[in-house]
Amino acid sequence: MPQLPSPQSLPSLLPRARAAVAGLERAVLDALAVVLPVTCAGCGEPDRAVCDECRVALTPMPQLVERPGLSAWAALEYAGPVASAIGEFKDGGRTDAAPALALALRAAIARAVAAAPPGRALEVCTIPSAPSAYRTRGYAPVEVLLARCGIRSSKVLALARGRVDQAGLGAEARRANSAGGLVAVRALAGRRFLLVDDVLTTGSTLAEAARAIIAAGGSTGAFAVLAETPLRHGGHAAKSPETLRDFA
Ligand SMILES: [Zn+2]
């Protein structure tokens, strides 16, 4: 079963790896921009996959955010160029935004691992995509980012039947809708998981994943997301970008 490096080793490796990877990626992306005209996935500026300004906006600043029943480490706030870059990466085919996003996700994962209560080794688990979403994109966005971080996830969750699309549902309806939306594909006794997703809004997706893992005898040690949509004006936008919207 895939396991993470120890909490002690992971954060200390990050700065050097990040600098090396960032330098190489910029060189490659800049070279590619000469051949294939690109625009910034964050702001639309020409000639760079992610321009310097948006790269700054994508600098991870992991925060512990609270949602009903869980606390998650979020690398970024889902707004402005961050929201554009994530949207373009997920639904615009802009896989060239993956390097910058993967660095952010990795920072959230490192914090989540470091802050996890002592216990069994953590396995990374993601939310499965609906087959239709996978067919449309040709890739599973969070898995692509994890692969760039050198992390392999444990495929222990699957979609249960009979879900409806989450988009357009309010927080309450969303919670009710996702109850039972995921199932574990095997017994998980003795296994502990770090749940990873792209965008955290109400938290109903991660809560449902945790419920499915616990129902199968496993446990959750930590949660990490690329970005969180801050709770404003007393509620989240009905059209949340949480992954569960893909469960069509
Ligand atoms: Zn930009």
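Which helices and strands do the buried residues of H6 pack against? They pack against H3, H4, strand S3 (122-126) and strand S6 (192-200), with contact taken as C-beta atoms, placed from the backbone, within 7 Å. This is a predicted model, in which local features need pLDDT of at least 70, side-chain atom pairs count only at pLDDT 80 or more, and totals for chains, interfaces and linings use all residues. Residues are numbered from 1 along each chain as its sequence is written.

**The chain overall**
- The chain has eight helices and seven strands, which are DSSP runs (helices H or I, at least four residues; strands E, at least two) numbered from the N terminus.
- Of its 248 residues, 45% count as buried, meaning that 20 or more other C-beta atoms lie within 10 Å of a residue's own.

**Helix H6**
- In H6 (residues 141-148), the buried residues are Pro141, Val142, Leu145 and Leu146.
- Those residues line one face of the helix, because they fall within an arc of 135° seen down the axis of H6; the arc is that of the directions from the helix axis to the C-beta atoms.
- After H6 comes Gly150, with a positive phi near 75°.

**Helices H3 and H4**
- H3 (residues 80-91) packs on H4 (residues 98-115) at about 115°, with the axes 10 Å apart; axes are lines fitted to C-alpha atoms over the stretch in contact, and angles run from 0 to 180 degrees between N-to-C directions.
- The two helices are therefore roughly perpendicular (65 to 115 degrees).
- Ala85, Ile86 and Phe89 of H3 meet Ala98, Ala100 and Leu101 of H4.

Methods:
Parallel < 35°, antiparallel > 145°, perpendicular 65-115°, else oblique. Contact = placed C-beta atoms within 7 Å. Buried ≥ 20, exposed ≤ 12 C-beta atoms within 10 Å, placed from the backbone.
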